[in-house]
Amino acid sequence: LLTEKTSNFDIICITEHWLKDYEFEYLNLNTYSLISKFCRKDKANGGSCIYVKSNIEARECTLFQHLNQEQHFEASIVELTQYNIMIICVYRTPTSDINLFNEKIEIIINNLLNKKKQIVIMGDINVNFLGSNINPQLQVVLNSYGLEAIVNVPTRPNSQTAVDQIIINRKLWDYNFKVIATGFSDHYAQILQIHVDNYGNHGKCKKNSDKQYQFKIVRSVKE
């Protein structure tokens, strides 16, 4: 079912996969490579992972693995080496410490931006971004680093909240996004399409690149 719904996307980010590390041996998506994953060891459920089309140059970023903490911050991170883009797929449970989450995500953002990386953060962080509900400390972090949360419609239809989010560099890319029902989750999936520049083999940006990337974030099940 997942393969049928994701065959047209370049990157697939999944939160709450509920799998143990060894179980990923049995989850193969045709034409995709599993680049990064986080699995819980002590508690059940949760987790995150990132699949990338096999023809796209990508590698796992392990620099921030020490920040992962079950329930509070469950992140998978991938670098698209040809495009200087870091993909962060992250899950946070509703009852975990939001201040701890804010501290950890700021450490990552600060580090990556200092290295001139471009950032896409996708995931279920259980913070409602509609109206005045957004956590003020998180909003300060995003504003301070020139990032914007672009999902402005409900992603969980039962509660009419936007607890799943896409966060990108402000005014960096032309992009489109939409949310869709998947049929196997109580959350909508988010689809992001961006136009990116090719950085080539020596890290120099080649302008006028017409490459499009399509990202999909899927929240597989409900907790």
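Asn 135 sits in the loop between strand 7 and helix 3. Helices (H or I, at least four residues) and strands (E, at least two) are DSSP runs numbered from the N terminus. With a relative accessible area of 14%, Asn 135 is buried; buried means under 20% relative accessible area, exposed over 50%, and partly exposed in between (1.4 Å probe, protein chains only). Leaving aside residues up to four places away in sequence, Asn 135 touches Ile 98, Asn 102 and Val 127. Contact here means heavy atoms within 4.5 Å.

## Ground rules and overview

Residues are numbered from 1 along each chain as its sequence is written, and side-chain values use heavy atoms, with hydrogens and water left out. Because this is a predicted model, local features need pLDDT of at least 70 and side-chain atom pairs count only at pLDDT 80 or more, while totals for chains, interfaces and linings use all residues.

The predictor's confidence in each residue, from 0 to 100, is called pLDDT. For the protein chain the mean pLDDT is 86, and 85% of the residues reach 70 or more. Please take care with residues 200–210, where pLDDT stays under 50 and the model has 15 contacts beyond four places in sequence.

The protein chain has three helices and twelve strands. Of its 223 residues, 52% are buried. Among contacts with a separation of 6 or more, 62% are between residues 24 or more positions apart.

Helix 2 covers residues 98–114, and its end C-alpha atoms are 24 Å apart.

At the N-terminal end, Asp 97 caps helix 2, with a side-chain oxygen 2.9 Å from the backbone nitrogen of Asn 99. Just after helix 2, Lys 116 takes a positive phi of about 65°.

The buried residues of helix 2 are Ile 98, Phe 101, Asn 102, Lys 104, Ile 105, Ile 108, Ile 109 and Leu 112. They pack against strand 5 (74–80), strand 6 (85–91), strand 7 (118–124), helix 3 (136–144) and strand 8 (147–149).

Ile 109, in helix 2, is buried at a relative accessible area of 0%. Beyond four places in sequence, Ile 109 touches Ile 119, Ile 121, Val 141, Tyr 145 and Leu 147. Ile 109 and Leu 142 are 33 residues apart in sequence, yet 9.0 Å apart in space, C-alpha to C-alpha.

## Two buried residues in loops

Trp 173 is in the loop between strand 9 (164–169) and strand 10 (175–180), and is buried with a relative accessible area of 9%. Its contacts beyond four places in sequence are Ile 85, Gln 118, Ile 119, Val 120, Ile 168, Ile 194, His 195 and Val 196. Between Trp 173 and Val 196 there are 6.8 Å in space, C-alpha to C-alpha, for residues 23 apart in sequence.

Glu 16 lies in the loop between strand 1 (11–15) and strand 2, and at 0% relative accessibility Glu 16 counts as buried.

Both residues make polar contacts through their side chains, listed below. A polar contact is a pair of N or O atoms within 3.5 Å; within protein, one must be able to donate a hydrogen and the other to accept it, and residues adjacent in sequence count only if both atoms are side-chain atoms.

| Side chain | Partner side chain | Distance |
|---|---|---|
| Trp 173 | Gln 118 | 3.5 Å |
| Glu 16 | Trp 18 | 3.4 Å |
| Glu 16 | Tyr 91 | 3.5 Å |

On a 1 Å grid over the protein atoms alone, a cavity is a set of points where a 1.4 Å probe fits but cannot get out, and a pocket is an open set with protein on both sides within 12 Å along at least five of seven lines; lining residues have an atom within 4 Å of a point. Grid points are joined across faces, edges and corners, and a volume is the space filled by probe spheres set on the points.

The structure holds two cavities of 30 Å³ or more, and the largest cavity has a volume of about 40 Å³. Its lining is made of Phe 101, Ile 105, Ile 121, Ile 125, Leu 138, Leu 142 and Ile 167. Helix 2 and helix 3 each supply at least two residues of that lining.

The largest pocket has a volume of about 220 Å³. Of the 18 residues lining the largest pocket, Lys 37, Phe 38, Cys 39, Gln 65 and Asn 68 are the closest to its centre. Strand 2 (32–38) and strand 5 are the elements that give two or more residues to this lining.

Technical notes
Expected span 1.5 Å × (residues − 1).
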